Amino acid sequence: MFSKETYARRRAELKKLVKSGIIVLFGNNESPANFPNNGYHPFRQDSSFLYYFGQNRSGLVGVIDIDNDVETLIGDDISIDDIVWYGAVDSVHDMALQIGVANSAPMKALTTICHDAMRDKRKLHFLPPYRSDIKIQIFDLLGIHPNQQKESASMPLIQAVVKMRSTKTAEEIEELERAAAIGYKMHTTAMKMCRPGVTEKEIAGVLDGIANGMGAMVSFPTILSQHGEIQHGSPSMAKLQEGRLMLCDAGAETINNYCSDNTRTTPVSGRYDQRQLEIYSIVEECHDYVLTVAKPGVKWWDVHFGVCRLMTERLKELGLMKGDTDEAVAAGAHAMFMVHGLGHMMGMDVHDMENLDQINVGFDEEVRPNLEQFGTNCLRMGRRLEEGFVVTDEPGIYFIPALIDEWKASGHCKEFINFDKLETYKDFGGIRLEDDLLITADGCRFIGKDRIPYHPKDVEEFIAR
Ligand SMILES: [Mn+2]
C-alpha cells in the first residue's frame with residue numbers, strides 16, 4: 001500500500017474531474033473455483049478500487065459523495081466464525097482510516113445511499129462491471145439489468161480514471177521496477193530451463209512459483225509454447241524439441257499489484273539456426289526501432305505502422321513479401337506475419353484498464369481505432385504518448401499455417417505475399433520480443449534495471465551449457 005496521503009490526493013483529483021454526483025467504486029469479491037470456500041487464489045482486488053481506496057480485501061465498496069464532500073468505505077466486519085478460520089483482520093473503520101477516509105459503514109448502508117440518490121435524482125457514477133456477482137449487486141441496488149450496465153456506466157468517471165491511471169507517478173514507477181525485477185527472474189529461469197525433453201508446463205509452473213514467491217502472482221496466465229504462432233498458447237505437457245523455438249510471454253504482479261510483461265523466444269537447441277536468425281533479427285530490429293521514436297507527442301499509431309513498414313521491408317529482402325511497402329501496409333498484408341498490435345498500456349492491469357474498454361484507454365478524439373482491418377483491429381493503443389505513460393513494445397513474426405492456407409486460397413494480398421516461399425515456413429512457429437517502456441520527458445526507456453538477454457549472441461551465451 002502507498003501512504004494515505006496518496007489515496008486522499010487521488011480521490012481529491014477524481015472529485016475535481018468528475019465534478020458532481022456520487023461515485024461508487026466496487027471492490028471485488030472472492031471468486032469460487034469449484035465451491036464457495038475454495039476460491040481462485042490469490043484474491044485479486046479491482047484495480048480502480050485499489051487505486052483510490054488501496055485496501056486489498058474482498059467485500060468492500062468505496063463511495064465518494066462529491067456534492068457533500070463525504071467519503072465512505074463500506075463493508076461488513078468479519079465475524080468470530082471467520083476469525084477462527086482466517087485470523088483477525090482490521091475493522092472496516094480502521095481500514096478507512098489507513099487510507100484517509102473519514103467514514104465507514106456496513107454493506108446495508110449502500111442500499112440506503114443508492115436509493116436516496118435515485119429518489120433525489122442525483123447522478124450515480126459507476127465503472128463498467130466485469131464480474132457477474134457485481135453485476136447482480138448493481139442490479140439489486142439500481143435496478144439496471146446486467147445487459148444494460150456497460151452502457152449505463154459513467155463516461156465522466158471512466159474518462160477521469162483513464163486520465164489519472166494513464167500517467168504513472170514516481171512511486172508507481174518504483175512498483176513497476178519491482179515487477180520488472182521479478183519478471184527478469186522468471187524469464188532468465190525459463191531461458192536456462194529451456195532444453196530438449198523438458199515440458200512446457202514444467203517451466204511455466206516454475207515461473208508461477210517465482211511470481212507467487214516474490215510478489216502477488218503472475219500478471220496473466222503464462223504463455224509458453226513451442227507453437228509461438230498460437231498467440232495465447234497455453235503451456236502443454238509437450239516436451240521441448242531440438243530445433244524448435246520456445247516463446248515465453250510472462251509477467252509478474254508485485255504485492256501492490258503492479259505488473260510486468262515481457263516476451264523472449266529461446267532456441268531449444270541452444271543456438272538459432274540460419275532461418276530462425278533471419279526472422280529473429282527482423283523482430284529485434286523492430287523492437288529496438290521503437291526505442292528510437294517513442295516520445296511524448298508521438299502517436300503510438302505511427303510507431304505501430306513504422307514497425308509494420310520496417311518489418312515489410314525486411315520480409316521483402318527475405319523474399320517472403322513483395323510489392324510497394326506503403327501499399328502492402330495499407331492493405332494490411334503485414335498482418336499475415338504480425339497479427340497483433342505493437343503494444344498496450346500497462347500498469348496495475350497488464351492490459352491497463354482494459355475493463356474500461358480499449359477505445360477509452362488507447363484512443364481519443366484524434367486517433368480512432370480501425371476495427372475493420374485484420375491485424376489493425378487488434379491494436380489496443382493509438383493515441384499520442386505522454387510523459388509517464390507505460391506501454392509495451394512487442395513486435396512479433398508468426399507463421400500460422402491455417403492463416404497461410406486461408407489467404408492463399410482466397411488470394412488475399414497475393415500481390416504482396418510470396419506464398420510459394422511462405423509455404424516452406426509452416427513448421428517455423430513464431431517469434432516475439434517484448435519489453436515495457438516508460439515514456440520520459442524527451443524520449444523513453446525500458447523498465448527494469450537488468451535487461452533480459454535478447455540479442456541473439458547474448459541469448460546463446462546466456463543459455464550456453
Ligand atoms: Mn503484452
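Q: Where is proline 42 found?
A: This is a predicted model, so everything here is computed from it. Proline 42 is found in the loop between strand S3 (38–39) and H2.

Q: And what kind of peptide bond joins histidine 41 and proline 42?
A: The bond joining histidine 41 and proline 42 is a cis peptide bond, with omega at about -5°.

Q: Is lysine 19 buried or exposed?
A: Lysine 19 counts as exposed, because it has 11 C-beta neighbours inside 10 Å, and the cut-off for exposed is 12 or fewer.

Q: What about aspartate 69, what is its phi and where does it lie?
A: For aspartate 69 the phi is positive, about 50°, although the residue is not a glycine. Aspartate 69 lies in the loop between strand S4 (61–65) and strand S5 (70–74), and it counts as exposed because it has 9 C-beta neighbours inside 10 Å.

Q: Changing topic, which domains does the assignment give?
A: The domain assignment gives domain 1 (4–166) and domain 2 (170–464), and the centres of domain 1 and domain 2, taken over C-alpha atoms, are separated by 34 Å.

Q: How many residues of each are in contact?
A: On the domain 1 side there are 15 residues in contact with 16 residues of domain 2. The elements giving two or more residues to the side of domain 1 that touches domain 2 are helix H2 (47–53) and helix H8 (155–166), and H8 gives the most, with six residues.

Q: What is that side of domain 1 like by class?
A: The side of domain 1 that touches domain 2 has nine nonpolar, five polar and one charged residues.

Q: Which residues touch the most other members of the largest nonpolar core?
A: That core has 122 residues, and those touching the most other members are Ile23, Val24, Met311, Val390 and Ile397. The core draws at least three residues from each of domain 1 (4–166) and domain 2 (170–464). As general background, nonpolar side chains in soluble globular proteins tend to be buried together.

Q: What is isoleucine 23 in contact with?
A: Leaving aside neighbours within four places in sequence, isoleucine 23 is in contact with Leu14, Val18, Ile64, Ile66, His125 and Leu157.

Q: And phenylalanine 26, where is its place, and is it buried or exposed?
A: Phenylalanine 26 has its place in strand S1 (residues 22–26), and it is buried because 23 other C-beta atoms lie within 10 Å, against a cut-off of 20 or more. Its contacts, again leaving aside neighbours within four places in sequence, are Asp46, Phe49, Val61, Pro129, Ile134 and Gln137. Phenylalanine 26 and leucine 60 are 34 residues apart in sequence, and their C-alpha atoms are 6.8 Å apart in space.

Q: Which residues does isoleucine 99 touch?
A: Not counting residues up to four places away in sequence, isoleucine 99 touches Lys4, Tyr7, Phe53, Gly54 and Gln55. Isoleucine 99 has its place in the loop between helix H4 (92–98) and strand S6 (103–105), and it is buried, because 23 other C-beta atoms lie within 10 Å.

Q: What about alanine 33, buried or exposed?
A: Alanine 33 counts as exposed, because it has 11 C-beta neighbours inside 10 Å. This alanine lies in strand S2 (residues 32–35), and, not counting residues up to four places away in sequence, alanine 33 touches Asn38, Gly39 and Tyr40.

Q: Last topic, at what angle do H11 and H12 pack?
A: Helix H11 (residues 274–293) and helix H12 (residues 300–317) pack at an angle of about 145°, with their axes 10 Å apart, and H11 passes H12 in a right-handed crossing.

Q: Which residues meet there?
A: From H11, Ile282, Glu285, Cys286, Tyr289, Val290 and Val293 meet Val303, Gly306, Val307, Leu310, Met311, Arg314 and Leu315 in H12. The residues of this contact of H11 with H12 divide into ten nonpolar, one polar and two charged, and Met311 is also one of the residues that touch the most other members of the largest nonpolar core.

Terms used:
Residues numbered from 1 in each chain as written. Predicted model: local features only at pLDDT ≥ 70, side-chain atom pairs only at ≥ 80, totals over all residues. Axes fitted to C-alpha atoms, helices over the stretch in contact; angles between N-to-C directions. Helix = DSSP H or I, 4+ residues; strand = E, 2+ residues; numbered from the N terminus. Left-handed = near helix turned anticlockwise from the far one by under 90°. Contact = placed C-beta atoms within 7 Å. Nonpolar A, V, L, I, M, F, W, Y, C, P; charged D, E, K, R; others polar. Core = buried A, V, L, I, M, F, W, Y, C linked by C-beta atoms within 7 Å. Domains from an automatic or database assignment.
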